[in-house]
Amino acid sequence: MHVDPAFWHAIGALFTRVAELALISFGGVNTVLPALHHQAVNEEHWITDRDFANLFALASVSPGPNFMVLTLIGYKAAGVLGALVATLTLCIPTSLLAFAVAKVWDRFKAAHWRMAIQDGLIPVTVGFIAAAAVLLVRASDNSIAGYAITAAVAIVGVATRFNPLWIFAISAVVGAAGLV
Amino acid sequence: MTSPPTTREIFFAFFRITMLAFGGAIAWVHRALVVERKWLTDKEFAETLSLCQFLPGPNITNFAVVVGMRFRGARGALAALTALILPPTLILIGVGAVYERIIGVAAVRGALNGLAAAAAGLFIVLLVKLLRALMKSRPAVTLPIAVASFAVVVTGALSIPLALLALGPVSIVLAWFRRS
């Protein structure tokens, strides 16, 4: 195989950058997105500022979790191997940690301190979800049609047992027609 | 619940989640595991999410690992994580390959806008359900904390890790005394 030093440099940089970000991403990957943006655009020059915005939007509406914008950045930096390195470096160490912590955590199911921590963290988490909902509505709805779609999914989801997926299909068509 | 879901069922549940996860997979996890399959209650969902929020790494992969582990140990965790990550990695590599060509097409951007608006609605559904669960457990204490964590994050006053550090301990101490 032809060895390209720039390619292997990018792979190495992806690995170290992502490993660092993974270790400090308490609260979720959204908390390290600004750092990822800075590193990918200004320091490593893997992508442009505009690419970052586009890739982020693309990852949010593609199958898979939103943090997989990292997969796309890895692909832009170093092709298929870059995509795999970025994704696995983020997921594997943190998953092993979650597995180990949850195992210990579940051993103390009836402990007073565990219940207090758990009950205490829930309202904080609910607040985060509320903030995410507001920020998401603000970022994705730029028109009356956008708000109408958001409201339709919300109402159907809260008040009925129908799967809101068909609204997603309609939304994509309405959007493709240039109406959102 | 009579018997926990099998490894196979876990795999297909998370596979379905990830393939539908337009804009924020956590809302789809809630829909699939709580609303449709009833593997978790709203309260268990909130508890597990809080634990995952606390750990580094993507909340969603942590969630998959913890849920998979609780039902079927290491095999369950591996099944959930693989189903969640592998298919979108392959899809996003494909998306990355055609990115330059599709991002200029107005209909594609429009369809993405429509999907993003619909996805925001699903987050509102999740929020309403979590608030309902919260109202059942001493809302006089928990609701103000949720409002505070919402406010500091949505205004950008604190990042998520700092908000966790600031409000988590207060909320945990309050929960401690509530339980004593």
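1. **The helices of chain B.** Chain B contains seven helices and zero strands. Written in order along the sequence, the pattern is α-α-α-α-α-α-α. Please keep in mind as you look around that this is a predicted model.

2. **Overall dimensions and burial.** Taken along the principal axes, the C-alpha atoms of chain B fill a box of roughly 60 × 45 × 25 Å. Of the 180 residues in chain B, 52% are buried. Now look at how the chain meets itself: among contacts in chain B with a separation of 6 or more, 52% join residues 24 or more positions apart.

3. **Helix α1 of chain B.** Helix α1 of chain B runs over residues 7-20, and at 1.5 Å a residue its 14 residues should span 20 Å; the end C-alpha atoms are 20 Å apart, so the two values agree. Which residues of α1(B) are buried? They are B:I10, B:F11, B:A13, B:F14, B:I17 and B:T18. These residues cover an arc of only 165° around the axis, and therefore they lie on the same side of α1(B). The partners they pack against are α2 (25-36) and α4 (59-102) of chain B.

4. You can find B:T48 in helix α3 of chain B, which covers residues 42-54. Is B:T48 buried or exposed? B:T48 is buried, because 22 other C-beta atoms lie within 10 Å, and the cut-off for a buried residue is 20 or more. If we leave aside neighbours within four places in sequence, B:T48 is in contact with B:F63, B:V66 and B:V67. For a comparison of sequence and space, take B:T48 and B:V128: they are 80 residues apart in sequence, while their C-alpha atoms are 18 Å apart.

5. The phi of A:H45 is near 55°, a positive value in a residue other than glycine. A:H45 counts as exposed because it has 10 C-beta neighbours inside 10 Å, and the cut-off for exposed is 12 or fewer. Then turn to B:K38, found in the loop between α2 and α3 of chain B. B:K38 is not a glycine either, yet its phi is positive, about 55°. With 9 other C-beta atoms within 10 Å, B:K38 is exposed.

6. **Helix α6 of chain B.** The same sum can be done here. At 1.5 Å a residue, the 16 residues of α6(B) should span 22 Å; the end C-alpha atoms are 21 Å apart, which agrees. The buried residues of α6(B) are B:T142, B:I145, B:A146, B:S149, B:F150, B:V152 and B:V153. After α6(B) comes B:G156, with a positive phi near 80°.

7. **Two domains in chain B.** Chain B is divided into domain 1 (7-137) and domain 2 (138-180). How many Å separate the centres of domain 1 of chain B and domain 2 of chain B? Taken over C-alpha atoms, the separation is 24 Å. Where the domains touch, four residues of domain 1 of chain B are in contact with six residues of domain 2 of chain B. The domain 1 side of this contact has three nonpolar residues, one polar residue and no charged residues.

8. **The largest nonpolar core.** In soluble globular proteins, nonpolar side chains tend to be buried together. Here the largest nonpolar core has 120 residues, and B:A80, B:L115 and B:F123 have the most contacts inside it. Helix α4(B) gives the largest share of this core, 18 residues. Both domain 1 (7-137) and domain 2 (138-180) of chain B give residues to this core, so the core lies between them.

9. **Where chain B meets chain A.** The contact takes 86 residues from chain B and 90 residues from chain A. On the side of chain B that touches chain A, α1, α3, α4, α5 (106-135), α6 (139-154) and α7 (160-179) of chain B each supply at least two residues. The largest share of that side, 24 residues, comes from α5(B). Sorted by class, the side of chain B that touches chain A has 63 nonpolar, 20 polar and three charged residues.

How values were computed: Residues numbered from 1 in each chain as written. Chains lettered and ligands numbered in written order. Predicted model: local features only at pLDDT ≥ 70, side-chain atom pairs only at ≥ 80, totals over all residues. Helix = DSSP H or I, 4+ residues; strand = E, 2+ residues; numbered from the N terminus. Expected span 1.5 Å × (residues − 1). Arc of directions from axis to C-beta. Contact = placed C-beta atoms within 7 Å. Nonpolar A, V, L, I, M, F, W, Y, C, P; charged D, E, K, R; others polar. Domains from an automatic or database assignment. Core = buried A, V, L, I, M, F, W, Y, C linked by C-beta atoms within 7 Å.
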